[in-house]
Amino acid sequence: MGLLDSIRSVLGVRAERDATSDADPDDLFGMSTAYLTMEANLGFEPTGYAALCFGDVNSHEFAGTVSDVRSILAEGEAETGTVSRFVDDDHGYRWVVFQDDDDFEDLVTNVYFAADTFIEEGYGSRLLAAVFAFEREGQPGDWIYSFRRGTFYPFAPTPGAAHERDNQVELKLQSVLDGELEIEPDKEYWYPLWPSEGRHPWE
């Protein structure tokens, strides 16, 4: 199953139907402490990347909201050094990709401001997921926040293998971060975001 089906099945249509609560962008700040736990207890370190995925709307109003997000992030770049770029994938979804190799908390803050702007402008339903990328000796151990479920879940693709994931790593991440993050209890919603190519799902 490709990226399009992944998002539609769990982060999109199906998750909207089965939503348990309204997503709160404040949940994202849980990553500000969780990353320290991951480094100390598991050896996973931030890659310097995070991203926000959203569905597009063909309207002038939504285009204005996207423009507002761009302006806010451009202003923040001068202060924090966090670089952002907008990427369109092959399936009609859009990503705001953030890079900051020096300060993970700046990544979290920028993802929050982008998400909060969409919500404040009335487009919270278009938000699909936030992704925070980590690695340990080449092994990815990402955390995905589903806006439709209001929960986090781990995603650990197996290096060098096509569309395989390391369930043991994911369960370890869950056990260590349980209580620090609001983790999705239903593993049917721990859905993979496979990239079309490369390491990250926005690639």
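Biologist: Before we start, what are the ground rules for the numbers?

Modeller: This is a predicted model, in which local features need pLDDT of at least 70 and side-chain atom pairs count only at pLDDT 80 or more, while totals for chains, interfaces and linings use all residues. Residues are numbered from 1 along each chain as its sequence is written, and side-chain values use heavy atoms, with hydrogens and water left out.

Biologist: Fine by me. What makes a set of residues a nonpolar core?

Modeller: The members must be buried Ala, Val, Leu, Ile, Met, Phe, Trp, Tyr or Cys residues, joined through side-chain atoms within 4.5 Å. The largest such core here has 57 residues, and M31, L52, F132 and W143 touch the most other members. Helix α4 (residues 104–120) gives the largest share of this core, 8 residues. Helices here are DSSP runs of H or I with at least four residues, strands are runs of E with at least two, and both are numbered from the N terminus.

Biologist: Which residues is F132 in contact with, leaving aside its neighbours within four places in sequence?

Modeller: Contact means heavy atoms within 4.5 Å. On that basis the partners of F132 are L28, M31, Y49, A50, F104, V108, V111, D142, W143 and F152. F132 also belongs to one aromatic cluster together with Y35, F104 and F134.

Biologist: Why is the pair of W95 and W202 called tilted?

Modeller: Rings of Phe, Tyr and Trp (its six-membered ring) pair if their centres lie within 6.5 Å; planes under 30 degrees apart count as stacked, over 60 as edge-to-face, and the rest as tilted. W95 and W202 sit 5.8 Å centre to centre with 55° between the planes, and that makes the pair tilted. W95 is in strand β3 (residues 93–99) and W202 in the segment after α5 (167–177), so this pair ties together parts 107 residues apart in sequence.

Biologist: And how do you know that W95 is buried?

Modeller: Buried means under 20% relative accessible area, exposed over 50%, and partly exposed in between, using a 1.4 Å probe and protein chains only. W95 has 0%, so the word buried applies. W202, at 4%, counts as buried too.

Biologist: What makes the pair of F155 and W194 edge-to-face?

Modeller: The ring centres of F155 and W194 are 5.2 Å apart and the planes stand at 75°, so the pair is edge-to-face. F155 belongs to strand β7 (residues 151–155) and W194 to the segment after α5, so parts 39 residues apart in sequence are tied together. F155 is buried at 3%, and W194 is buried at 8%. Across the whole structure, 14 aromatic pairs are found.

Biologist: How do you know that R149 lies over the face of Y189?

Modeller: The rule asks for NZ of Lys or CZ of Arg within 6 Å of the ring centre and within 35 degrees of the ring normal. R149 is 3.8 Å from the ring centre of Y189 and lies over its face. K187 likewise lies over the face of W190, at 5.0 Å from the ring centre.

Biologist: Why are β2 and β3 said to pair?

Modeller: Two strands pair if DSSP finds at least two bridges between them. Strand β2 (residues 83–88) and β3 run antiparallel and are joined by 6 bridges.

Biologist: Which other partner does R199 meet in a salt bridge?

Modeller: The side chain of R199 also meets D142, at 2.9 Å from N to O. D142 is buried at 2%, whereas R199 is partly exposed at 21% and E135 is partly exposed at 30%.

Biologist: What about R165 and E170?

Modeller: R165 and E170 form a salt bridge too, with the closest N and O atoms 2.8 Å apart. Salt bridges that share partners join E135, D142 and R199 into one network.

Definitions and conventions:
A salt bridge is a side-chain nitrogen of Lys or Arg within 4 Å of a carboxyl oxygen of Asp or Glu.
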